[in-house]
Every structure is written in structure tokens, then in C-alpha cells.
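Subject: Handover of a structure, with notes

Dear colleague,

Please find the structure below, followed by my notes on it. I would be grateful if you kept it open while reading.

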Amino acid sequence: ADRLWIGTMTRGLFVIDTRTGDIDSFISAEGDTATLSSNGIMSLHVGVDGRVRIGTFGGGLNVLDPRSRSIARVSVSTPLSDTLSRARVTAITADQRGRIWMATDGDGLFAYHEATDSLAQLKRSDSNPLTISDDRLYAVQFDDASGRIWVGTAGRGLDWLDASVEDVARADIYNISKADGLSDNVIYGVLTDHVEHVWLSTNSGIVRYHWQSGEATIFRKRH
């Protein structure tokens with residue numbers, strides 16, 4: 001609660017002690033796997049255990065333990081690990097099962113289960129409408145109230161899936177778009193509240209989407 005984490009695109013990760021004003025930093029060092037895999041930081045997520053999940057630009061997912069200052073680059077014994085290690089991780093969330101969900105710019109959606117060291121990837125398939133609608137993703141958010149993972153895409157609207165699914169790779173994914181009342185299909189940010197709303201930042205204002213009724217309310221700048 002007393003730390004402010006700041007990711008940059010070229011200078012790694014900074015943390016400010018908000019009580020003392022002290023600043024610490026973490027950077028990538030070539031050849032040293034105990035450092036950040038990239039100095040470009042695209043997303044951050046602080047877990048209930050205090051560890052910081054770091055989404056990098058082209059270096060996948062890193063995990064930092066603030067107590068020891070140790071950094072681990074997430075890698076699992078599957079061919080998908082190579083794909084993740086090169087991914088641009090734009091957003092991170094965690095669900096009730098301890099899975100870490102990662103939106104990426106070009107590689108779809110990943111789900112990493114730390115307890116079992118397993119990794120799944122969800123990508124678009126033109127032959128299956130119940131897959132992720134776009135491999136370019138800007139946002140991901142777990143919502144405990146709905147039990148859903150909400151995903152903001154780079155041009156195909158809002159996707160969602162049931163977070164309780166056992167086999168992530170076979171999960172059915174559903175889409176909500178301009179055809180359903182959204183103001184735009186480019187979604188940069190997703191937040192949920194305690195009254196069944198999903199809030200979306202888009203290229204055309206803010207959208208408040210009520211997931212029970214399907215009603216979308218649009219907020220735009222007044223000229």
C-alpha cells in the first residue's frame with residue numbers, strides 16, 4: 001500500500017516509497033536472466049501475495065518479489081512458453097483460481113496457472129465463432145460478481161468467457177460489439193463495479209455496459 005509502481009517503455013520499472021519518497025528501479029541486463037526480460041513495461045498487476053506481475057514489451061511475463069527484489073521470467077515446459085517469452089503483454093488480471101490472465105498485442109489471450117505451472121493460449125479461429133475475436137488485445141479484467149473474464153480487443157469489441165472453466169484451451173468465448181450497442185469496437189480499458197456494470201474506454205467515449213440486461217450507456221465529450 002505504500003509503494004507506487006511505474007512502468008516505462010524504455011527505462012524499466014520504478015517503485016516509489018510513498019512514505020519516504022525513496023525511488024528504486026529495476027532494469028534489464030543483457031545475459032542476466034535474473035533481471036527484467038525487457039525494459040519496456042506495458043502492464044502491472046500486484047497479487048494478493050504482494051508479488052508484482054510485469055507484462056513486458058516483447059519479453060513476456062516477469063514476476064518480482066519486492067521483499068527479496070528477485071525477478072523471475074515466467075517459463076513453462078511447453079512450446080507455448082517460447083511464444084509467451086516474446087509476447088507484448090498489454091494487460092494482466094488474476095481470477096479466483098489463482099490463474100494469471102494476460103492480454104497480448106498479437107498473440108491472443110494467455111492463462112498461466114502458477115500452482116500447476118501450466119499455460120494455455122486462446123487465439124482467433126475463423127472457423128469457430130466461439131474463439132477470441134481478435135488476437136490483438138488491449139485489456140483484460142476478472143470480475144468476481146459475474147464470474148467472467150472480460151477482454152478488450154483492438155477492433156472487434158468486448159469478449160468474455162466463464163472464469164470457472166476447467167480446460168481453458170477449450171473455453172467458449174462470446175463477443176459484444178457495436179452491433180450490440182457499444183460506441184466503438186476498439187477497447188483500451190475494462191473495469192467492473194459492484195452493481196453489474198462493465199466500464200469500457202473506447203475510441204468513441206466511455207461505455208457503461210450492464211452485463212445482466214445487455215444495456216449499454218455511452219458517455220461522450222460535449223462540444
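Which residues point one way from β6 and which the other way, and are they buried or exposed? Leu61, Val63 and Asp65 point one way, Asn62 and Leu64 point the other way, and all are buried. Here, buried means under 20% relative accessible area, exposed means over 50%, and partly exposed lies in between (1.4 Å probe, protein chains only).

Before going further, please note the basis of these notes. This is a predicted model, in which local features need pLDDT of at least 70 and side-chain atom pairs count only at pLDDT 80 or more, while totals for chains, interfaces and linings use all residues. Residues are numbered from 1 along each chain as its sequence is written, and side-chain values use heavy atoms, with hydrogens and water left out.

The chain as a whole

The chain contains one helix and 19 strands. These are DSSP runs numbered from the N terminus: helices are H or I with at least four residues, and strands are E with at least two. Along the principal axes, the C-alpha atoms fill a box of roughly 50 × 45 × 30 Å.

Of the 223 residues, 45% count as buried. The accessible surface comes to about 11,400 Å², and carbon and sulfur atoms account for 47% of it; such areas come from the Shrake-Rupley method with a 1.4 Å probe, and for residues only the protein chains shown count as cover. Among contacts (heavy atoms within 4.5 Å) between residues at least 6 apart in sequence, 41% join residues at least 24 apart.

Strand β5 covers residues 52-56, and five of its five residues are buried. Both of its faces are covered, with Val52, Ile54 and Thr56 on one side and Arg53 and Gly55 on the other. Strand β6 is likewise mostly covered, with five of its five residues buried.

What are the partners of β5? Strand β4 (residues 41-46) pairs with β5 in the antiparallel sense over five bridges; two strands pair if DSSP finds at least two bridges between them. In this pair, histidine 45 stands opposite arginine 53. The two strands form a hairpin with five residues between them, and glycine 50 in the turn has a positive phi of about 90 degrees.

On its way to strand β6 (residues 61-65), β5 is joined by four bridges, and the two run antiparallel. Arginine 53 stands opposite valine 63, and valine 52 stands opposite leucine 64. This is again a hairpin, with four residues between the strands, and glycine 58 in the turn has a positive phi of about 85 degrees.β6 also pairs with β7 in the antiparallel sense, over four bridges, and valine 63 stands opposite alanine 72 in β7. The hairpin of β6 and β7 has four residues between the strands.

Most residues other than glycine have a negative phi. Arginine 69, however, has a phi near 65 degrees, a positive value in a residue other than glycine. Arginine 69 is found in the loop between β6 and β7 (70-73), and is partly exposed because its relative accessible area is 42%.

Aspartate 117 is not a glycine either, and has a positive phi of about 55 degrees. Its place is the loop between β10 (109-113) and β11 (118-122). With a relative accessible area of 36%, aspartate 117 is partly exposed.

Arginine 3

Where does arginine 3 lie? Arginine 3 lies in strand β1 (residues 3-7) and is partly exposed, with a relative accessible area of 49%. Not counting residues up to four places away in sequence, arginine 3 touches Val15, Ile16, Thr18 and Pro66. Arginine 3 and valine 168 are 165 residues apart in sequence and 33 Å apart in space, C-alpha to C-alpha.

Yours sincerely
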